[in-house]
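Student: Could you walk me through this one? I would like to start with the overall picture and then go into single residues.

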Amino acid sequence: MRLHIDWTACDGRGLCTELLPEVLAHDPWGFPVPRDGAREPAIHPELRAHAERAVRLCPTLALRLRETS
Amino acid sequence: MTALVHKITGLLDAAAPDLATHLARNGPVPWRRSAALVGELREAGLTGRGGAGFPVWRKISTVAEGRSAVVIGNGAEGEPASDKDHTLLVRAPHLVLDGLQLAAEAVRAAEVYLYVPIGPAADAVRAALAERTQWDAMPVTVVTAPGYFVAGQESAVVAAVEGRPALPADRLELTPRAGVHGRPTLVQNVETLAHTAQIARYGPAWFRRRGTAEEPGTFLVTVSGAVPRGVREVPIGVPLGELLAGATTGLRAALVGGYHGTWVSDLSTPLSRKALVPVGGSIGAGVVIALDNVHCGLKAAADVTRYLAGQSARQCGPCRNGLPALAATMTALADGGGPDLPERARKLADLVERRGACGHPDGTARFVRSSLAVFGDEIARHQRGTCVARSGR
């Protein structure tokens, strides 16, 4: 499972970096930085609930979880 | 036909601005069944000439799997050092339009568009379309492209055709599967379409007579900088030095692939994917900018980075914030600033990469990294307060 970030929607509020610190750091301007360096960072199964929460709570609806085939 | 095949070697020598000359020189549209064209393109080994270099047959196959496909010829040329698409559209609009019709036939398109800059290119295309209403199987809608750098990015092209501002957009699916209004969409550079028409006419073996075995065919290239600016058609694999033979000064390096490209200092390097990938480069959209050995590469790099920062569509935070920071760092470096600047530029390049809706931050990062690597000697000189440019510091 991967986390898709819509960069055109992201406003750098930083909620996701607080809810998913294992996956996302933040840059000097507050925008998320995938720790694995991937365009769509991988979400391990044990973090799924946290990732879903981040998706739900993102104030600009910029996040989406994608099943990886 | 055989005589013709031997005379014509590429696009520019087959170019004809009007339909009568085009017909005399190239004959009618070589209509195909879709399967035939895909097979021929595969055998020819044609790759996209818009920058990404993706195999054309594969993209067409993917689009052809869907229904109510849309085909868009992409003639947007936001790269300031590129004239090749403009030249082709003005000198050979019918070759592009033939290719567009063949691509539309291959994917059984429901709609066909040509996306071109306003001005002479759009005028040439509109005049050509008016001449060939009896030729074309599908009507073509001309959509005008704005002149800025990111207007030719695939998702910006889709947005323009949908009637929205031509800006890159977030995409969850690949454009060939879900592009214009969610329909399968083929976006193909206009030069690629012209090659497609000529492959349909003369066959894969004809196309493969030029270029290398792995990367067949010719490509259009715009040379500028320390050589007189112009568009040439050359076989893939031509050595950089041969392309820049017109230089009257010694050359330090050449920026290959345009502002999103890579500096190459070994002029014996062949212009092919095979030779350029190991040095982190690609032919891109065929832009080569020569830098002589009396101008400062670092200053050129700072100028380009500032330009690229200014061309951010300002939609994505990392690009909107990171590119100006990168430009300021490169400018400070060119001005002779502190020893920590190269590392800072490298870190910023790493930071913006892969964090945007389009390839602009990635291309800018590639350019900056390449500048730092190739002009290491110049960086050292600047830190000692000197510069290679005689007129400079």
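Tutor: A definition comes first: a residue is called buried under 20% relative accessible area, exposed over 50%, and partly exposed in between, using a 1.4 Å probe and protein chains only. This is a predicted model, in which local features need pLDDT of at least 70 and side-chain atom pairs count only at pLDDT 80 or more, while totals for chains, interfaces and linings use all residues. Residues are numbered from 1 along each chain as its sequence is written, chains are lettered from A and ligands numbered from 1 in the order in which they are written, and side-chain values use heavy atoms, with hydrogens and water left out.

Student: With that rule, what percentage of chain A is buried?

Tutor: Of the 69 residues in chain A, 43% are buried.

Student: And in what order do the elements of chain A run?

Tutor: Chain A has two helices and four strands, and from the N terminus on they are arranged as β-α-β-β-α-β. Helices here are DSSP runs of H or I with at least four residues, strands are runs of E with at least two, and both are numbered from the N terminus.

Student: What about the dimensions of chain A?

Tutor: The C-alpha trace of chain A spans about 30 × 20 × 20 Å along its principal axes. Its radius of gyration is 11 Å, which agrees with the value near 11 Å for a compact globule of 69 residues; that radius is taken over C-alpha atoms, and the globule rule is 2.2 Å times the number of residues to the power 0.38.

Student: OK, switching to chain B: how many helices and strands?

Tutor: Chain B comes to 17 helices and nine strands. Its C-alpha atoms fill a box of roughly 65 × 45 × 35 Å along the principal axes, and its radius of gyration of 21 Å agrees with the value near 21 Å for a compact globule of 393 residues. Buried residues account for 58% of those 393 residues.

Student: What do the contacts in chain B look like along the sequence?

Tutor: A contact means heavy atoms within 4.5 Å. Among contacts in chain B between residues at least 6 apart in sequence, 71% join residues at least 24 apart; for chain A, counted between residues at least 6 apart, the share joining residues at least 24 apart is 56%.

Student: Is Cys58(A) buried or exposed?

Tutor: Cys58(A) counts as buried because its relative accessibility is 13%. In chain B, Cys319(B) is in no disulfide either, the nearest cysteine sulfur being that of Cys358(B) at 6.5 Å, and Cys319(B) is buried with a relative accessible area of 6%.

Student: Where is each of them, Ser68(B) and Arg354(B)?

Tutor: Ser68(B) is in the loop between α4 (56-64) and β1 (70-74) of chain B, and at 40% relative accessibility it counts as partly exposed. Arg354(B) is in the loop between α15 (341-352) and α16 (360-374) of chain B, and it is partly exposed with a relative accessible area of 34%.

Student: Last one, the end of chain B. What does Ala389(B) touch?

Tutor: Leaving out residues up to four places away in sequence, Ala389(B) touches Val294(B), His295(B) and Cys296(B). Ala389(B) lies in the segment after α17 (376-383) of chain B, and it is buried, with a relative accessible area of 10%. Its C-alpha atom is separated by 52 Å from that of Leu37(B), 352 residues apart along the chain.

How values were computed
A disulfide is a pair of cysteine sulfur atoms within 2.5 Å.
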